[in-house]
Amino acid sequence: MKIIAIGRNYAEHAKELNNPIPTTPVIFMKPDTALLKDNKPFYHPDFSQDVHHEIELVLKIRKEGKHISEKFAADYFDEVGLGIDFTARDIQSRHKEKGLPWELAKGFDGSAPISNFLPKSQFADLYNLNLKLDVNGQTRQDGNTKDLLFSFERILAFVSQYITLKKGDLIFTGTPEGVAAVQTGDHLEGYLEGQKLLDFYVK
Ligand code: MG
């Protein structure tokens, strides 16, 4: 399986990092070794002093697809969950300045905690889902998928022009504003429509 992630998919988040609002989706990938499941602790890496949390809605791909049309794209995912796109912001900033790729900032071990997945049919409107992240009991991110710049269907259509999607692939769909650094000892709790799906510590 592979993890494909979308950058700058909420305007307020693009602005908080002084990035332009994109006109086509910004894509990057994480290796499968980035996955962290079952609310296992996240071990803060020594190579960064500024690892940021980014809570995101994650889609699970249901069947293989290439050149998917936007019209039929909804049929290619049937489950959604929450993920954290942990980002070594200091490394990313240095690489952005030099126009270098982001993999070391985004793809390190444990940089993709994911929750259990729920059938999308459980939700009345995928474009009105609240995503909330509390750190040590205080709300840091509180966003809604109604503010997405690129829809899930647009993302699948766009990505699958270049990269074949396969069953079990995960799509991180971008984070709302409020990203900030995590510290050793922090307790992260992620909620989707009020339901706690992520609950883990930084060690
Ligand atoms: Mg992200």
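How much space lies in the largest pocket? About 230 Å³. The legends below describe close-up views of a predicted model.

**View 1. The largest pocket and its lining residues.** The space in this pocket comes to about 230 Å³. Its lining is made up of 13 residues. Those nearest the pocket centre are Lys37, Ile114, Ser115, Asn116 and Phe117. Sorted by class, the lining has three charged, four polar and six nonpolar residues.

**View 2. The salt bridge between Asp85 and Lys30.** Side chains of opposite charge can pair when their charged atoms come close. In the pair shown here, the closest N and O atoms of Asp85 and Lys30 are 2.8 Å apart.

**View 3. The salt bridge between Glu54 and Arg89.** The N to O distance in this bridge is 2.7 Å. Glu54 is in the loop between β4 (51-53) and β5 (55-61), and Arg89 is in helix α2 (residues 89-98). The two residues are 35 residues apart, and their pairing links distant parts of the chain. Glu54 and Arg89 are both buried.

**View 4. Glu54 with a further partner, Lys106.** Lys106 also forms a salt bridge with Glu54, and the closest N and O atoms are 3.4 Å apart. Lys106 is located in helix α3 (residues 103-106), 52 residues from Glu54 in the loop between β4 and β5. Here too, distant parts of the chain are linked. Both partners, Lys106 and Glu54, are buried. Through shared partners, salt bridges join Lys30, Glu54, Asp85, Arg89 and Lys106 into one network. The whole structure has 13 salt bridges.

**View 5. Glu153, a buried residue with no salt bridge.** Glu153 is found in helix α4, which covers residues 152-162.

Note on methods
Residues are numbered from 1 along each chain as its sequence is written. This is a predicted model: local features need pLDDT of at least 70, side-chain atom pairs count only at pLDDT 80 or more; totals for chains, interfaces and linings use all residues. Side-chain values use heavy atoms; hydrogens and water are left out. On a 1 Å grid over the protein atoms alone, a cavity is a set of points where a 1.4 Å probe fits but cannot get out, and a pocket is an open set with protein on both sides within 12 Å along at least five of seven lines; lining residues have an atom within 4 Å of a point. Grid points are joined across faces, edges and corners, and a volume is the space filled by probe spheres set on the points. Ala, Val, Leu, Ile, Met, Phe, Trp, Tyr, Cys and Pro count as nonpolar, Asp, Glu, Lys and Arg as charged, and the others, Gly among them, as polar. Helices (H or I, at least four residues) and strands (E, at least two) are DSSP runs, numbered from the N terminus. Buried means under 20% relative accessible area, exposed over 50%, partly exposed in between (1.4 Å probe, protein chains only). Lys and Arg count as positive and Asp and Glu as negative; His and the chain ends are not counted. A salt bridge is a side-chain nitrogen of Lys or Arg within 4 Å of a carboxyl oxygen of Asp or Glu.
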